[in-house]
Amino acid sequence: MRAEAQNWVEAIEKSVALLKQRLDWDTAPHRLEEFNARVEDPTLWDDPTKAQKLMRERQMLVDALDVCKGIAQDLADNIELIELGEMEEDDEVVKDAEDALKTLSIKAAEKELEALLDGEADSNDTFLEINSGAGGTESCDWASMLARMYVRWAEKKGYKVELQAESAGEEAGIKSASYKISGHNAYGWLKSESGVHRLVRISPFDSAAKRHTSFTSVKVYPVVDDNIEIEVNPADIRIDTYRSSGAGGQHVNTTDSAVRITHAPTGIVTTSSEKSQHQNRDIAMKALKSRLYQIELDKRSALVNEVHENAGDAGWGNQIRSYVLQPYQMVKDLRTNFETSDTKGVLDGDLDGLMAATLAMDVAGKSRSEAQAD
């Protein structure tokens, strides 16, 4: 077997070992038996919410077991094909099997990353908020670039993206925007993006072609499942309606249908500007509940809480990532020190490497905390 193919084999074996470790491979079959026994209980659906949760947990375990078994079987099959091809001196068979190993190594690495997404709300849909910082037009333009980056990333993942509200900049870009991104593990992937993002570039708005630094904040909150109870006291909120602004023409709302909800105890403000006031009220309330739920998650996780506390104002000292376009090309995450010179790829939505480094750091931190607790 060629050295390159052997490297793929070793990478796949490492990914499978880590997947099995996170799954607790030795006990997994017994847990599945317990799930199956509970599913057969005729009284299970007396409580539909509890039953649906059980079915989801069972399916997640089944899927995880199938992934491990499938990758391991594909690995064994392709190793056998390579050995057979080498014995019979059939270069075509060997090449096909090596190509399959290369593809399998990519798949195994992706599944290994997905296995890190085991937090309480990681599998949920998510709300993504982008707010321009100090810097006027520069910052608004940077906010629109980030919005495009995340939309591109989500579309590559096959996620559904819905614009909930947007405020245009005075000259260019956006002052703020909020999105709902729907898909399996949407929150788990995007939660590491909360914080301030810093851009350094030659300004397209500066006739002197000087370098400018811009800041934009990003905040991410999980969409609350129907089975998660978040109570909001009606006395704690103020609901305002207002006329939504748009790009002009036939798409401008001419009625006061947009909704803003302000939560007095926390100062949280959520908005929605769809066509229906009833729909906007529902969307804004769900966004508020998601924000309140995120606060509860933060209380339970010191690591996540630290990330959100560091989000702060969009300015110096609070950034989590720098995007430098001049005088050189580099994107660097300040938490993990992960960096890449492919700035174009990142701004086109190639974010998995940056996200994966943060996920791995979070898991390592969680493991250290658990070890200290023991």
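Q: How many helices and strands does the protein chain contain?
A: In this predicted model, the protein chain has 10 helices and 11 strands. Of its 374 residues, 41% count as buried, and among contacts between residues at least 6 apart in sequence, 62% join residues at least 24 apart.

Q: Which residues of H3 are buried, and which helices do they pack against?
A: A residue is called buried when its relative accessible area is under 20%. In H3 the buried residues include Ala51, Leu54, Leu61, Cys68, Asn78 and Gly85, and the buried residues of this helix pack against helix H1 (3-23), helix H2 (28-39) and helix H4 (91-114).

Q: Why does asparagine 78 count as buried, and what is it in contact with?
A: Asparagine 78, which lies in helix H3, has a relative accessible area of 11%, and is therefore buried. Leaving aside neighbours within four places in sequence, asparagine 78 is in contact with Ala97, Ala100 and Leu101.

Q: In what order do the strands of the open sheet stand?
A: Strands of a sheet pair through backbone hydrogen bonds, in either a parallel or an antiparallel sense. Here 8 strands form an open sheet in the order S2-S3-S1-S5-S4-S9-S10-S11, with mixed pairing. Strand S2 (160-168) and strand S11 (339-340) stand at the edges with a single partner strand each, so one side of each has no neighbour in the sheet.

Q: How many bridges join S10 to S11, S1 to S5, and S4 to S5?
A: Strand S10 (residues 330-333) and S11 run antiparallel and are joined by 2 bridges, with lysine 332 opposite glutamate 339 in S11. S1 and S5 pair in the antiparallel sense over 7 bridges, and serine 132 stands opposite threonine 216 in S5. S4 and S5, also antiparallel, are joined by 8 bridges, and here valine 196 stands opposite serine 217 in S5.

Q: Where does helix H5 pack, and which strands does it touch?
A: Helix H5 (residues 137-156) packs on the sheet, where the strands it touches are strand S1 (126-132), S2, strand S3 (174-182), strand S4 (195-202), strand S5 (211-222) and strand S9 (319-324); the direction of H5 makes about 45 degrees with that of S5.

Q: How many residues has the largest nonpolar core, and which have the most contacts inside it?
A: A nonpolar core groups buried residues that are joined through side-chain atoms. The largest one has 48 residues, and those with the most contacts inside it are Tyr150 and Tyr323; its largest share, 10 residues, comes from H5. Beyond its neighbours within four places in sequence, tyrosine 150 is in contact with Leu128, Ile130, Leu190, Glu193, His197, Val218, Arg321 and Leu351. A second, separate core of 25 residues includes Leu65, Val94, Leu104 and Ala108.

Q: How many disulfides does a search of the whole structure find, and are cysteine 68 and cysteine 140 buried or exposed?
A: The search of the whole structure finds 0 disulfides. Cysteine 68 counts as buried because its relative accessibility is 2%, and cysteine 140 is buried as well, with a relative accessible area of 8%.

Definitions and conventions
Residues numbered from 1 in each chain as written. Predicted model: local features only at pLDDT ≥ 70, side-chain atom pairs only at ≥ 80, totals over all residues. Heavy atoms only, no water. Buried < 20%, exposed > 50% of the residue type's maximum accessible area, 1.4 Å probe, protein only. Helix = DSSP H or I, 4+ residues; strand = E, 2+ residues; numbered from the N terminus. Contact = heavy atoms within 4.5 Å. Pairing = 2+ DSSP bridges. Axes fitted to C-alpha atoms, helices over the stretch in contact; angles between N-to-C directions. Disulfide = S-S within 2.5 Å. Core = buried A, V, L, I, M, F, W, Y, C linked by side-chain atoms within 4.5 Å.
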